Amino acid sequence: ALTQIHSLGLEEGQAKYGTKFANQEVFLVKHLAQDTLTQCNFFHGCAGFLTGHAGFQLQFEQSLQAIDPSIAAPYWDPS
């Protein structure tokens, strides 16, 4: 499933696996789009770290599951 996320374009992947499919470019753009001039972004160094990564992980897991429903991507325990 991860190979498909890295190799398929978004339109091709969604046509094959449905609207929950997101390719690696979607995740890269989402992550980089939060950068700011203060070197703080929503995903790193700010208040949104835990919730931002949880949402990011959920979208990634759902994309994997669109390809193979048996996949589970557990979220880490930050404690």
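Leaving aside its neighbours within four places in sequence, Leu 2 is in contact (heavy atoms within 4.5 Å) with Phe 60 and Leu 64. Leu 2 and Leu 64 lie 62 residues apart in sequence, but their C-alpha atoms are 6.8 Å apart in space. Leu 2 sits in helix 1. With a relative accessible area of 43%, Leu 2 is partly exposed. The scale runs like this: buried means under 20% relative accessible area, exposed means over 50%, and partly exposed is in between, using a 1.4 Å probe and protein chains only.

A word on the source. This is a predicted model, where local features need pLDDT of at least 70 and side-chain atom pairs count only at pLDDT 80 or more, while totals for chains, interfaces and linings use all residues. Residues are numbered from 1 along each chain as its sequence is written, and side-chain values use heavy atoms, leaving out hydrogens and water.

Now the whole protein. It has four helices and zero strands. Both are DSSP runs numbered from the N terminus: helices are H or I with at least four residues, strands are E with at least two. Of the 79 residues, 25% count as buried. Take the contacts with a separation of 6 or more: residues 24 or more positions apart account for 39% of them.

Turn to helix 4. It has 19 residues and spans 27 Å from its first C-alpha to its last, close to the 27 Å expected. The expected span is 1.5 Å times one less than the number of residues. Its buried residues are Gly 52, His 53, Phe 56, Gln 57, Glu 61, Ser 63, Leu 64 and Ile 67. They cover an arc of only 165° around the axis, which puts them on the same side of helix 4. The arc is taken from the directions from the helix axis to the C-beta atoms. These buried residues pack against helix 1 (2-7), helix 2 (10-17) and helix 3.

Ser 63 is one of them. Its relative accessibility is 0%, so it counts as buried. Beyond residues up to four places away in sequence, Ser 63 touches Ile 5, Lys 20, Phe 21, Ala 22 and Phe 27.

How do helices 3 and 4 pack? Helix 3 (residues 24-32) and helix 4 (residues 49-67) meet at an angle of about 170°, with axes 11 Å apart. The two helices are therefore roughly antiparallel. Angles under 35 degrees count as roughly parallel, over 145 as roughly antiparallel, 65 to 115 as roughly perpendicular and the rest as oblique.

Methods: Axes fitted to C-alpha atoms, helices over the stretch in contact; angles between N-to-C directions.
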